[in-house]
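Here are a few notes to read alongside the model. Have a look at the structure first, then go through the points in order.

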Amino acid sequence: MARKSKEDDYCCDADDDDYEDYNSTDEDNPEECEKDYDFVTEDDVRRCQDEVTAEISDRLSVPRGFAAAFLRHCRWDAERLENEWFADERRVRGAVGLAAAGGLDGDVPTALNSLPLTCAICFDIYAPGEMRSAGCSHYYCHECWRGYIRAAVGNGARCLLLRCPGPGCTVPVVRELVDAAAAGEDRARYAMFVVRSFVEEGTSKYVRWCPGPGCTLAVRSESGSRLYEVTCKCKHVFCFRCGEDAHRPASCETTRAWVDKCRSDGETSSWVLANTKHCPECRRAIEKNQGCNHMTCGAPCYHQFCWLCLGSWADHSGNFFHCNRYAAAKSEFTEEKTRERQARASLERFLHYYERFTAHGASMKKAQEDLDNLRADGGGLYQLGDAIGVPPTELDFLLEAYARIVEARRVLRWTYAHVYHLDPARDNVEFYEYLQGEAEKSLERLHHCAEEERDLLKKDLYYYGAAIPAGYAAGKYMEFREKLCHLNLVTRNHFSTLVEGFESGMAEVVS
Amino acid sequence: MAHSNLPRRIIKETQRLLSEPAPGISASPTEENMRYFNVMILGPSQSPYEGGVFKLELFLPEEYPMAPPKVRFLTKIYHPNIDKLGRICLDILKDKWSPALQIRTVLLSIQALLSAPNPDDPLADNVAKHWKSNETEAVETAKEWTRLYASGE
Ligand SMILES: [Zn+2]
Ligand SMILES: [Zn+2]
Ligand SMILES: [Zn+2]
Ligand SMILES: [Zn+2]
């Protein structure tokens with residue numbers, strides 16, 4: 001039976017070694033050690049920020065709005081602010097636009113006029129108490145402040161840097177003034193920018209928004225943790241350091257470079273992939289020009305074949321009239337200038353990695369969908385359980401296998417970004433590719449088993465129907481279960497070796 | 001005249017511009033649109049623009065004075081901070097705008113910019129390059145352009 005030979009295949013020696021090793025790599029399992037983070041809502045973030053601000057306000061004896069301005073200047077790092085403040089208070093004040101020391105009444109974030117004055121914005125005259133200032137001597141009427149803050153908030157987060165409108169005056173407009181003068185919705189927007197600043201402009205070592213689509217949660221890590229990858233409650237998996245999609249074992253820098261490359265060349269590449277096949281003779285990428293199906297590979301191969309069936313063109317002479325109008329383009333192609341050829345070679349190199357990066361991404365997505373379907377109420381798990389006569393709760397091993405596949409596909413795709421950025425002259429590319437190849441093989445076997453052999457099992461049992469021999473289903477099921485669990489462990493070990501190998505060599509790549 | 005919903009500030013600014021014009025500057029709103037001003041600035045003495053009469057247009061957008069006025073040279077001028085289309089690189093017309101500034105302050109600042117071109121913050125790249133590599137020659141070109149395009153006809 002064909003299935004038998006496959007079993008022999010997966011029971012090869014190398015895998016058995018892995019199987020014995022697996023206990024020793026237990027603590028490297030990312031699922032078990034990265035628990036040093038929690039999820040917080042915007043309100044939690046605000047509360048935390050208010051606490052820090054209140055504390056600084058007390059310690060420096062300044063109003064809260066100024067405390068927030070100082071904190072923001074120090075990227076919301078209270079410790080840094082205190083150090084800078086006690087080393088050189090003048091400088092910190094100057095940085096946010098405040099004079100060296102508070103006025104006669106100390107620091108005042110907003111004050112009302114005590115004399116009748118003309119508003120320098122609307123030119124009307126106002127009685128005492130009808131105007132306010134940012135604590136300086138420039139008073140404007142309430143209406144003009146409202147408009148001034150509205151315009152600033154409309155300009156986005158820069159409203160946190162708002163200054164008094166007085167020409168040349170640098171006094172900051174802070175929370176107390178905004179709350180006293182602005183319209184309700186502008187106050188709310190200003191408050192939102194303040195909270196965002198805490199996360200986005202903060203040293204961002206400890207809090208970060210989840211970049212998942214539509215997700216409003218923030219992730220907070222224990223201070224001092226070397227947090228890398230985070231799985232949000234919304235299921236989005238991302239890098240805590242740079243905010244990109246999770247990208248282990250590629251470094252944040254490699255990831256940035258790769259994402260930029262894909263952004264600039266990705267569109268061309270997707271097109272080329274959709275319009276490119278490989279020469280059946282030499283395997284080089286052949287780009288399809290227009291609708292012609294007669295393809296000629298470049299030098300030195302010159303193999304002619306049909307785009308549609310990849311068969312030799314010699315068998316397609318009947319179709320030749322479709323293609324002759326592209327003869328000119330064809331001869332141009334074979335006489336490419338060196339520069340074009342080099343550009344092409346560099347694109348081909350990128351394509352090699354991009355295609356695999358994309359393909360593993362697609363497989364990952366598919367596996368995630370399968371996993372979601374299995375988990376869904378009355379989903380695949382129940383059907384399978386019904387078919388084999390096993391309660392769905394006993395099928396956790398299948399969910400575990402799928403979770404492994406999703407995770408491994410993610411890691412594998414990023415290894416392609418990593419290897420693309422290696423320098424063949426300096427890095428041991430072969431070593432990386434060896435690890436990658438081994439891991440990939442184990443993953444393909446696991447995925448195949450989880451997908452196709454599960455299907456086969458179902459079909460097999462369905463075929464027998466009611467006439468199923470006693471013990472047959474149980475036997476088949478046990479066989480499948482054992483194999484899948486084994487492949488899962490093998491894959492897990494390959495991937496932990498892979499991640500370890502890639503990450504330990506990382507310093508050589510990004511320098 | 002469409003005075004009806006013009007903010008009092010604009011009316012007052014306009015009255016003052018007309019009754020006490022700044023030296024070397026004139027600005028008057030058009031009949032059809034009280035937010036659109038025809039402006040004339042005389043080239044400051046001891047600048048390459050001396051003797052020139054420069055026409056500008058100034059428009060007060062709906063958000064004025066929370067947003068800055070829009071100003072543009074109509075007369076061709078050779079200046080590192082003014083481009084071919086007459087657009088002006090001046091901080092108070094952009095992020096340094098404050099509603100406590102006025103049309104008068106803006107026009108005075110533009111006049112000052114004619115006296116002190118700033119090739120380090122250029123809008124017209126080739127003019128700025130010219131200015132930095134050979135200032136004498138660039139000043140000559142500016143004078144030539146003033147004679148050619150700003151002679152007041
Ligand atoms: Zn002020
Ligand atoms: Zn006012
Ligand atoms: Zn999320
Ligand atoms: Zn990262």
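1. A quick definition to start: a residue is buried under 20% relative accessible area, exposed over 50%, and partly exposed in between (1.4 Å probe, protein chains only). By that rule Cys122(A), at 14%, is buried, and Cys141(A) is buried too, at 1%.

2. Some housekeeping. This is a predicted model, where local features need pLDDT of at least 70 and side-chain atom pairs pLDDT 80 or more, while totals for chains, interfaces and linings use all residues. Residues are numbered from 1 along each chain as its sequence is written, chains are lettered from A and ligands numbered from 1 in the order written, and side-chain values use heavy atoms, leaving out hydrogens and water.

3. Now the metal. The SG atoms of Cys119(A), Cys122(A), Cys141(A) and Cys144(A) coordinate the zinc ion (ligand 2) at 2.2 to 2.4 Å; donors are N, O and S atoms within 2.8 Å of the metal (3.2 Å for Na, K and Ca). Along the chain, the donors are spaced C-x2-C-x18-C-x2-C.

4. Then the two chains. The contact (heavy atoms within 4.5 Å) takes 14 residues from chain A and 12 residues from chain B. One piece of it is Ser98(B), which touches Pro165(A) and Gly166(A).

5. Charges also meet here: the rule finds 2 salt bridges across the interface of chain A and chain B, counting a side-chain nitrogen of Lys or Arg within 4 Å of a carboxyl oxygen of Asp or Glu. Asp124(A) and Lys12(B) form a salt bridge at 3.8 Å, N to O.

Terms used
Lists of a residue's contacts leave out its neighbours within four places in sequence.
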